[in-house]
Amino acid sequence: GNVVKPMWDECPAVTRLVLASYPVLGLSLAILRAAAGVQVGLILGCSLWTVASRLELWTLFLSGFYHQFAGGMSFLMLLLELYMGMMYFPRREKELGSLAFALWLLLANMAVNV
């Protein structure tokens with residue numbers, strides 16, 4: 001049977017939004033990079049240089065939501081990340097509530113990037 005459908009049905013709103021927008025954002029930014037030559041890595045890449053020198057503080061919070069497509073292995077990693085999100089995020093969002101869960105995701109991304 002289908003393993004993903006019952007897990008998806010269990011996901012609250014913010015979890016669904018995050019899990020659906022994660023691959024869509026990565027794919028659309030890859031298309032933008034290929035079509036217009038936009039340097040997406042410079043906009044969403046988090047490093048000491050981007051935060052300290054260029055004061056791009058949003059990269060602390062948002063860089064974790066960007067998945068760069070680079071072939072078959074990155075696609076498999078994307079599927080694994082989505083599966084893990086469907087396993088863990090619904091329980092966490094139900095514990096915290098939707099707004100607190102969204103803030104928790106942003107702060108967790110910041111903690112990983114620091």
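Q: Contact means heavy atoms within 4.5 Å. With that cut-off, which residues of α2 meet which residues of α6?

A: This is a predicted model. From α2 come A13, V14, T15, V18, L19, Y22 and P23. They meet L78, E81, L82, G85, M86, F89, P90 and E93 in α6. By class, this contact has eleven nonpolar residues, two polar and two charged.

Q: How are α2 and α6 arranged relative to each other?

A: Start with the general idea. Two packed helices are described by an angle between their axes and a distance between those axes. Now the case here. Helix α2 covers residues 13-36, and helix α6 covers residues 72-96. Their axes come within 9 Å and cross at roughly 165°. An angle over 145 degrees counts as roughly antiparallel. Therefore α2 and α6 are roughly antiparallel to each other. The crossing of α2 past α6 is right-handed.

Q: Let me step back to the whole protein. How many helices and how many strands does the protein have?

A: Seven helices and zero strands. Read from the N terminus, the order of elements is α-α-α-α-α-α-α.

Q: What does the C-alpha trace span along its principal axes?

A: About 45 × 30 × 20 Å.

Q: What percentage of the 114 residues counts as buried?

A: The figure is 30%. The accessible surface of the protein comes to about 7200 Å². Carbon and sulfur atoms hold 73% of that surface.

Q: Among contacts between residues at least 6 apart in sequence, what share joins residues at least 24 apart?

A: That share is 61%.

Q: Back to helix pairs. At what angle do the axes of α6 and α7 cross?

A: At roughly 125°, with the axes coming within 7 Å. On the α6 side, the contact is made by Y88, F89, R92, E93 and L96. On the α7 side, the residues are S98, A100, F101, W104 and L105. The classes in the contact of α6 with α7 are seven nonpolar, one polar and two charged.

Q: What angle and what axis distance describe the packing of α2 and α7?

A: The angle is about 35°, and the axes are 9 Å apart. V14, T15 and V18 of α2 make the contact with S98, F101, A102 and L105 of α7. By class, α2 with α7 gives five nonpolar, two polar and no charged residues.

Q: What is the relative accessibility of T59?

A: It is 0%, so T59 counts as buried. T59 lies in helix α5, residues 58-62. Beyond neighbours within four places in sequence, T59 is in contact with I43, L44, G45, C46, T50, V51 and N113.

Q: Is L48 buried or exposed?

A: L48 is exposed, with a relative accessible area of 71%. L48 belongs to helix α4. L48 and L60 are twelve residues apart along the chain, and their C-alpha atoms are separated by 9.9 Å.

Q: What is the phi value of L55?

A: It is near 55°, a positive value in a residue other than glycine. L55 is in the loop between α4, residues 48-53, and α5. L55 is also exposed, with a relative accessible area of 59%.

Notes
Residues numbered from 1 in each chain as written. Predicted model: local features only at pLDDT ≥ 70, side-chain atom pairs only at ≥ 80, totals over all residues. Heavy atoms only, no water. Axes fitted to C-alpha atoms, helices over the stretch in contact; angles between N-to-C directions. Helix = DSSP H or I, 4+ residues; strand = E, 2+ residues; numbered from the N terminus. Parallel < 35°, antiparallel > 145°, perpendicular 65-115°, else oblique. Left-handed = near helix turned anticlockwise from the far one by under 90°. Nonpolar A, V, L, I, M, F, W, Y, C, P; charged D, E, K, R; others polar. Buried < 20%, exposed > 50% of the residue type's maximum accessible area, 1.4 Å probe, protein only. Areas by Shrake-Rupley, 256 points an atom, 1.4 Å probe, with all protein chains shown as cover.
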